[in-house]
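Subject: Handing over the two-chain structure

Hello,

I am passing on to you the structure that I have been reading through, and my notes on it follow below. Please keep the structure open beside the notes as you go.

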Amino acid sequence: MTVSTQTVSTIQFPYKRTLGPVMGRFFSELTARRIVGIRSGERVIVPPMEYDPETGNELARDFVEVGPAGTVRSWTWVAEPIASHPLDRPFAFVLIRLDGADTDLVHVLDAGAEDAVHTGMRVAPRWRDEPVGRIDDIVCFVPGERAETPEGEPGEAQEVTTMEYFSTITYTDVLSPTLVRYASNLRAGKLTGQRCPQCNRVFLGRGYCSVDAIRLGPELDEDLPDRGVVSNYTIVTPTPYPGQKETEPFARASVVLEGDEMVIAQQQILDLPVSEIRVGMRVRAEWMPEAERDAAEITSKGWGTVAGFIRGWRPTGEPDEPAEQYMNRVF
Amino acid sequence: MTTRQKAGETRETAVRQDSDIAIVATAQLPAVRRQELTETEMLLMVVDEALGKVDLKRSDIGFSCQGSCDYISGGTFSFVPNLDAMGAWPPIHESHVEMDGAWAMYEAWVRLRHGDIDIAVAMGSGKSSTGDPAAIYPLELDPYYLAPLGLDPVSLAALQARQLIESGKSTERELAEIAARSRRDAAGNPNQQVRTAEQDVDKLLAEGYLRNPLRRSDLPPISDGACAVVLVRGPRAAELTERPAWITGIDHRSEVHNPALRDLTDSASTRLAATRAGGVAGVEVAELMAPFTAQEVILRQSLGLADDVLINPSGGALTGNPLMATGLVRIADAAEAILADGRSRTLGHATSGPALQQNLVCVLEGDNR
C-alpha cells in the first residue's frame, strides 16, 4: 500500500498587538493622512521608535510631521509579486527619505515599469480610501510631489491602539523513510516501531532510540499491540480560541502499549464519561474505517502520532492494572 | 587567558591555560535542497561523526546546546525531539537557542568558562525546504512597520546591495566575481550544494536581474543541513587532538532591528565584535557568513581584512545555506583550517537578523609545534 511521502500543513496566527504610545501615535496620525516622526537629538526618526537606536535611551515624545513627499534612497524591482506582497502587479520596494526625516522608511512604489525607477526620484503617498491605522494606509508611493488622496477632507485622527495581523505559513514536509513505512503500516491497520538493540525499548514513528541516541533501521521493525493501559490523563475545560473545536470538557490520555514502555500521548478515550477515566485502565485502539485513514498528520516533527488512523481508545472491561505501577511518569 | 601575541609573531610561545577552550572536532551534513531525514536524525549523524573523530561518547559530554528555529521547522518546540540526538535520559545538562548554531556554540563556550566541566557539544540544524523563505522571513521583521509589507529577504538584500554599489563601495562586477569564486571553491567541497553552476564572470553579468541589482548568482540556495562541533577546555583538548583550534576570542554584537534606520553599507556590529574578539591581524582564513554577495563586501570592509586573507575557501553561504547551521558551519570550517589544513589563525563569522543586524566573530588559533 502506498502512502504519500509528503504532508502539507498550514499554521495560522491571528495576532492582535498593542502599539504603545509612540507607534500608536504614528498609526493614529495615518488615519488623518499625516506621517509623523520622533525627535532624537538632532535627528528625526521615521517611523518613530520608543528609544534611540544608538543609545537605547527612551525618547521624549516629541513628534514632528514629515513628508508626505520624499526622495528614493534605494530600490529594487519585483517583477513577479507573491501573495504576501502588498501589490499584485510589478512594483518596487524602496527606501524613502521623507522630507524632514533623517532616516529611511521602507515602502513600495507603484511606478509602472522598472525603467521609471531611480535613486533620487521624488515620490509621494497614495492614501487608502478608508484608513484603519496600519502601515498600508499608504497603499504605496507614486512618482511625483503630490500625494494621491481620496475625495474630501480627512477627518480627525482616530485613536489607534492595536494592530491586527493575520499570519499564515504553509509547510510541505517530506517524510523520512521510517515515517513512510510507519504510515503505510498504519494504513494497513498495524502499529509498528523499532526495538533498540541496546536498551530493548521499542520506539514508534521516529527511527531512533530516544534514550541511547542511536538510529534504528527497518531491520528492527516490529509489530506492536494495539492494546494498552492508561498511564496518565488530564481533563481540559476548553476556552474558545482560534482553532479550538471542543466546547465541552474533554480528556486527553496517555496510553502505554501492552508489554512495553512506549507511550502514545494525547489520546481520546471513547464511550466513557471523562469523570470515569482511571490510571491503570485497560484500553484497545478503535481504528478509523480503512477508507477514512489519512496520513495528513504524520510529519517529521515530534515523536510519532496515530492521528488520522486511530480514532481513540475504548475500555476493554478487563480488571485495571494497579495504578501505582504508573506513578512517577510524566506521560 | 592566553598570552596574546602580536600579529605575525610565531605562536610557539603561546601558553594554554586550564581556562582556554578549543574546538577539537567538527562534522556537517552536506547542504542539500531537500533532506528526507528528520532534524533529529540529521543531528544524530553529525554528533556521532564529531564525537567519533576524537573517540568521545555522549556520556563524556558535560553540556550540549542546540540552535534551531520553530518558524523554519513548522513545529512548536521542535528542539525537544531534537534533543534526542544527545540521548536525554537519564537527564543531561543542555540548552537551546532560537538562533543559528553559532550562538549555541557561544553559549557552550560560556558554560565551559564556568570551569566545572571540560567537554561540550554545540549543534545547529534546519530544513528550509519545508517552507517558503520569502513568506516566512518577513515574520522575523518588525511586525508593525515591515511585516505587513511582506518585505522578503531577497528584496531587502537588493536594497542593501544597491546602496553599496551607488555609494561607490562595490560594483556589480565585483559581486559577480564573488559569486564565481564561491562557486569555484564549492566545486571542491562536497559539503556545498551549488557545485556545478556557471563560474564565468561575464556570463554571470549577462544574466538578467532577479531583484535589480541582484542576479540569481548573488543569492544563496535554499538548503537543509546540520552541523556539530566539540568544544574542550584546558589541557584535555591537546590530549584529544594533535592540534586543537583554540578560541582566542569570541564576541557577539547587535544593531537596531529596523534595517532602514542604519547604514546598510557598513557593519558596525561586526567591526566591534571582531575588535572585542582580538582583532583580525594575522588572520589567514576568514569564513564569513554572507548569504548575499554584497554582504561579503560589507563584512570584508567592516573587518578591514587584508587582500591576502583567504575568504570563504569553503564556498561559503552563497553555495550552501542550511539556515540555523550556516553560521556554525562557518566556524567549523574556520576550525578545520587549523585542525586539518595546518593554518595558524582563522576567523569564523555568523550573522542573524535582517541585513546583517547581529554579528558574531570567533577567532581561532593553532599552536605551532
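In this predicted model, N312(B) counts as buried because 26 other C-beta atoms lie within 10 Å of its own, where 20 or more are needed. The residue sits in the loop between β10 (310-311) and α12 of chain B, and N312(B) has a positive phi of about 45° although it is not a glycine. For background, most residues other than glycine have a negative phi, and most peptide bonds are trans. M324(B) is found in the loop between β10 and α12 of chain B as well, and M324(B), again not a glycine, has a positive phi of about 85°. With 31 C-beta neighbours inside 10 Å, M324(B) is also counted as buried.

One joins W89(B) and P90(B), with an omega of about -5°, and P90(B) lies in the loop between α3 (79-82) and β3 (94-97) of chain B. Another joins N212(B) and P213(B), with an omega of about 10°, and P213(B) has its place in the loop between β5 (209-211) and β6 (214-215) of chain B.

Turning to the helices, α12(B) has 14 residues, and from its first C-alpha to its last it reaches 19 Å, which is close to the 20 Å expected at 1.5 Å a residue. This helix is mostly covered, since 14 of its 14 residues are buried. Among the buried residues of α4(B) are W103(B), M105(B), Y106(B) and R111(B), while just after α4(B) the residue G115(B) takes a positive phi of about 90°.

Which residues touch the most other members of the largest nonpolar core? Of the 190 residues in that core, they are A92(A), L109(A), V46(B), A122(B), V229(B) and V230(B). Helix α12 (residues 326-339) of chain B gives the most to this core, with nine residues, and the core also draws at least three residues from each of domain 1 (20-160) and domain 2 (172-326) of chain A.

As for chain A itself, the centres of its domain 1 and domain 2, taken over C-alpha atoms, are separated by 52 Å. According to UniProt, in an unreviewed entry, the feature "domain: ChsH2 C-terminal OB-fold" is placed at residues 64-128 and 223-287 of chain A. Residues 64-128 of chain A are 0% helix and 48% strand, with end C-alpha atoms 22 Å apart, and residues 223-287 of chain A are 0% helix and 48% strand, with end C-alpha atoms 16 Å apart.

Finally, the two chains meet where 52 residues of chain A are in contact with 45 residues of chain B. The elements that give two or more residues to this side of chain A include β1 (6-18), β5 (70-78) and β10 (162-174), and β10(A) provides the largest share, eight residues. By class, the side of chain A that touches chain B has 27 nonpolar, 16 polar and nine charged residues.

With best wishes

Terms used. Residues are numbered from 1 along each chain as its sequence is written. Chains are lettered from A and ligands numbered from 1 in the order in which they are written. This is a predicted model: local features need pLDDT of at least 70, side-chain atom pairs count only at pLDDT 80 or more; totals for chains, interfaces and linings use all residues. A nonpolar core is a set of buried Ala, Val, Leu, Ile, Met, Phe, Trp, Tyr and Cys residues joined through C-beta atoms within 7 Å. A residue is buried if 20 or more other C-beta atoms lie within 10 Å of its own, exposed if 12 or fewer, and partly exposed in between; C-beta atoms are placed from the backbone. Helices (H or I, at least four residues) and strands (E, at least two) are DSSP runs, numbered from the N terminus. Domain bounds come from an automatic or database domain assignment. UniProt positions are given in the numbering used here, feature names are shortened, and annotations may be inferred rather than shown by experiment. Two residues are in contact if their C-beta atoms, placed from the backbone, lie within 7 Å. Ala, Val, Leu, Ile, Met, Phe, Trp, Tyr, Cys and Pro count as nonpolar, Asp, Glu, Lys and Arg as charged, and the others, Gly among them, as polar. The expected span of a helix is 1.5 Å times one less than its number of residues.
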